Amino acid sequence: EFLGQRVLDVALNGPAQGPRPSESRDKVDRCFAVLKRVHAPDELLQLVTDQKKTYPILAKKHFGARIAAHVQESSRRARNPANPLFAINHTLATLRDHVSRLVRRTWAASKRGAALECHAWVFVAWKNYARPISNRLRRISAAMMLGLAKRRLALADLLRWRWPRVAFASAPSALFSAPASI
């Protein structure tokens, strides 16, 4: 009977895909490659990561002797502002909260990586150019703090940006143009 049920499942749903292969090492490698491109070649790098085993190997591959220090924090440490990984952990939690495609068991789940990547870049633009940096500093965006924009973007301004119709293969600034009035 079990075999019959299995045959029926395959007939109705197709063969099982199995677990999705991990792309983690490849993604970390790509991330370090981007960091290498944008980091000044004559400056030393201070790296703070969790204790993933591939980080030291890939960091050495991309930066070699340019790594001044590599501090590896436990992912079990309290996730509060005293934790050096708090900023990235908080940013990723905010991303998961605001990008519906990252929520599991929902109709909004992405079936294609390119669609998820485009949705994530919309979030990045909103978070950095339109969203206030804090409740106390409601008139200032992250882009304004970095000198990248003179004012916060209104939703209409953000929606005037020309977004690419392809997956982002390089830095997003090269692929879409912001309105000249920023």
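Q: Leaving aside its neighbours within four places in sequence, which residues are in contact with Thr 49?
A: The model is predicted, and its local features need pLDDT of at least 70 while side-chain atom pairs count only at pLDDT 80 or more, although totals for chains, interfaces and linings use all residues. Residues are numbered from 1 along each chain as its sequence is written, and side-chain values use heavy atoms, with hydrogens and water left out. Where contact means heavy atoms within 4.5 Å, and where neighbours within four places in sequence are left aside, the partners of Thr 49 are Tyr 55, His 70, Val 71, Gln 72, Glu 73 and Leu 85.

Q: Is Thr 49 buried or exposed?
A: Thr 49 is found in strand S1, residues 45–49; strands (E, at least two residues) and helices (H or I, at least four) are DSSP runs numbered from the N terminus. A residue is buried under 20% relative accessible area, exposed over 50% and partly exposed in between, using a 1.4 Å probe and protein chains only. Thr 49 has a relative accessible area of 7%, and therefore counts as buried.

Q: In what pattern do the helices and strands of the protein chain follow one another?
A: The protein chain has 7 helices and 2 strands. Read along the sequence, they give the pattern α-α-β-α-β-α-α-α-α.

Q: What percentage of the contacts with a separation of 6 or more in the protein chain is between residues 24 or more positions apart?
A: The protein chain has 182 residues, of which 21% count as buried. Among its contacts with a separation of 6 or more, the share from residues 24 or more positions apart is 36%.

Q: How are helices H2 and H3 placed, in terms of the angle and the distance between their axes?
A: Two packed helices are described by the angle between their axes and the distance between the axes. Axes here are lines fitted to C-alpha atoms, for helices over the stretch in contact, and angles run from 0 to 180 degrees between N-to-C directions. For H2 (residues 24–38) and H3 (residues 54–63), the packing angle is about 35° and the axes are apart by 10 Å.

Q: How many nonpolar, polar and charged residues does the contact of H2 with H3 have?
A: H2 contributes Arg 25, Val 28, Asp 29, Phe 32, Ala 33, Leu 35 and Lys 36 to this contact, and H3 contributes Thr 54, Tyr 55, Ile 57, Leu 58, Ala 59, Lys 61, His 62 and Phe 63. Ala, Val, Leu, Ile, Met, Phe, Trp, Tyr, Cys and Pro count as nonpolar, Asp, Glu, Lys and Arg as charged, and the others, Gly among them, as polar. By class, the contact has 9 nonpolar, 2 polar and 4 charged residues.

Q: Which elements do the buried residues of H2 pack against?
A: In H2, Val 28, Asp 29 and Phe 32 are buried. They cover an arc of only 105° around the axis, taken from the directions from the helix axis to the C-beta atoms, so that they lie on the same side of H2. The face turned away from this buried side carries the exposed residues Cys 31, Arg 37 and Val 38. The buried residues themselves pack against S1 and H3.

Q: Which exposed residues does H3 carry on the face turned away from its buried side?
A: The buried residues of H3 are Thr 54, Tyr 55, Leu 58, Ala 59, His 62 and Phe 63. Because they cover an arc of only 125° around the axis, they are on the same side of H3, and what covers them includes H2, S1 and strand S2 (67–72). The face turned away carries the exposed residues Lys 60 and Lys 61.

Q: Which helices do the buried residues of H5 pack against?
A: The buried residues of H5 are Ala 115, Phe 123, Ala 125, Tyr 129 and Ala 130. Their arc is only 165° around the axis, which puts them on the same side of H5. They pack against H4 (86–98), H6 (142–145) and H7 (155–159).

Q: What distance separates the C-alpha atoms of Tyr 129 and Ala 142?
A: Tyr 129 lies in helix H5, and among its contacts beyond four places in sequence are Ser 141, Ala 143 and Trp 161. Tyr 129 and Ala 142 are 13 residues apart along the chain, with their C-alpha atoms separated by 6.5 Å.
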